[in-house]
Amino acid sequence: MVLCLITASSTFNLQPGRSRYLHKCMRIQNCGRYLMKHVDITRQKIIPSAKVDTVGLEVFVVSDLHTEYAENMAWLKGLPKKGKKKEVLLVAGDVAETSEKFVLTMSLLKASFEHVFFVPGNHDLWLRREKENYIDSLQKLDKMLDACQRLGVETNPSVIDGLAIIPLFSWYHESFDREKDIPGIRIPSLELACKDFRACKWPDRLTNGDNSLATHFDAMNDKNKDTVQEMLASCNQIISFSHFIPRLELCPEKRMLFYPNLPKMIGSDFLEARIRYIHGARGNTNACHIFGHTHFCWDVLLDGIRYVQAPLAYPRERKRRMNGGEDWLPFCIYSKGELTENMSPCYWSDYYASNPRTPDVTELAPWVARFYRKL
């Protein structure tokens, strides 16, 4: 995801695997101001997932590869080549901005993993730097899916050693955001802040201004209804994945974000409905959904479903966030017939594990407030 603004991840500059003072911004009633409370938390060092020697099926996850960045492409080329182990990689969108880089990236991933699954993100459908003259972003998507088929990259549901893997197509819609807006400041419009409005091109019937794109992409999943139904009847373990987020709880509150209107362009209610159909209204111990897009590492259990984001993100973001990225991604989510332990550290999901979400509080966090003037 690209905003024409500073990103929220730039707030932190912590190292993985070390005891470190974390600045947890907590709203304390003291003359109406925010105070910074220092909390000492010991973090367990993350073991580089791709190098763990185990037997049996392993499933790894990653999102937001953005291999137009030289550093990200170098990381990709450094992944171990395919071995004897049965390894699966789920790529939750935003692979590359151009078709040329996309094909190269997926080819390299196929050289490292026996099975590679993919769902598109918004960057994958950008047209601004394409050499080919696509009619619109949907035509680019069609050709991208054709390329996946040629490369052996899977974009449809499949069962591997009893584990059902279900890719879900999605797009965001503004009405996904139902939380209170931040009043009294001038926030740039979505059209100004989000490059999708300029970098994507859609047929006249589709627009970012309503739910039409979200419903269009959601309907792309209908062709797999019978396959998914068979999986639900025969598989006890299911992992679904998408690029966009299915719940607002998987994003920090608006007051914490440098762009407070970010929740209006990140998620889909239609996606969550699909996930609940797959995993059940109450979920279960084997229910897991992988997502991407916001570049926040996340690992949390909500209403019986484990939601995980493991983004490579931009080089500048990895330098500033607690868990880096290069040495532990892709993250192993499934091994030895079960889901693995929670990814840690994950600053924001760790934060909300011990602090309630309070979206009705609209006073900007101090690191955000200094970028805005009150009207």
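Modeller: In helix α6, Ala 214, Thr 215, Asp 218 and Ala 219 meet Phe 270, Leu 271 and Arg 274 of α8, contact meaning heavy atoms within 4.5 Å. The residues of this contact comprise four nonpolar, one polar and two charged; Ala, Val, Leu, Ile, Met, Phe, Trp, Tyr, Cys and Pro count as nonpolar, Asp, Glu, Lys and Arg as charged, and the others, Gly among them, as polar. This is a predicted model, in which local features need pLDDT of at least 70 and side-chain atom pairs pLDDT 80 or more, whereas totals for chains, interfaces and linings use all residues. Residues are numbered from 1 along each chain as its sequence is written, and side-chain values use heavy atoms, with hydrogens and water left out.

Helix α8 spans residues 269–279 and includes Arg 276; helices are DSSP runs of H or I with at least four residues, numbered from the N terminus. Arg 276 has 15% relative accessibility and therefore counts as buried, that is, under 20% relative accessible area with a 1.4 Å probe, protein chains only. Its side chain reaches the backbone oxygen of Ala 281 at 2.9 Å. Leaving aside residues up to four places away in sequence, Arg 276 touches Arg 247, Ala 281, Arg 282, Gly 283, Leu 302, Asp 303, Ile 305 and Tyr 307. For the protein as a whole, 58% of the 375 residues count as buried.

Key:
Helices (H or I, at least four residues) and strands (E, at least two) are DSSP runs, numbered from the N terminus. Buried means under 20% relative accessible area, exposed over 50%, partly exposed in between (1.4 Å probe, protein chains only). A polar contact is a pair of N or O atoms within 3.5 Å; within protein, one must be able to donate a hydrogen and the other to accept it, and residues adjacent in sequence count only if both atoms are side-chain atoms.
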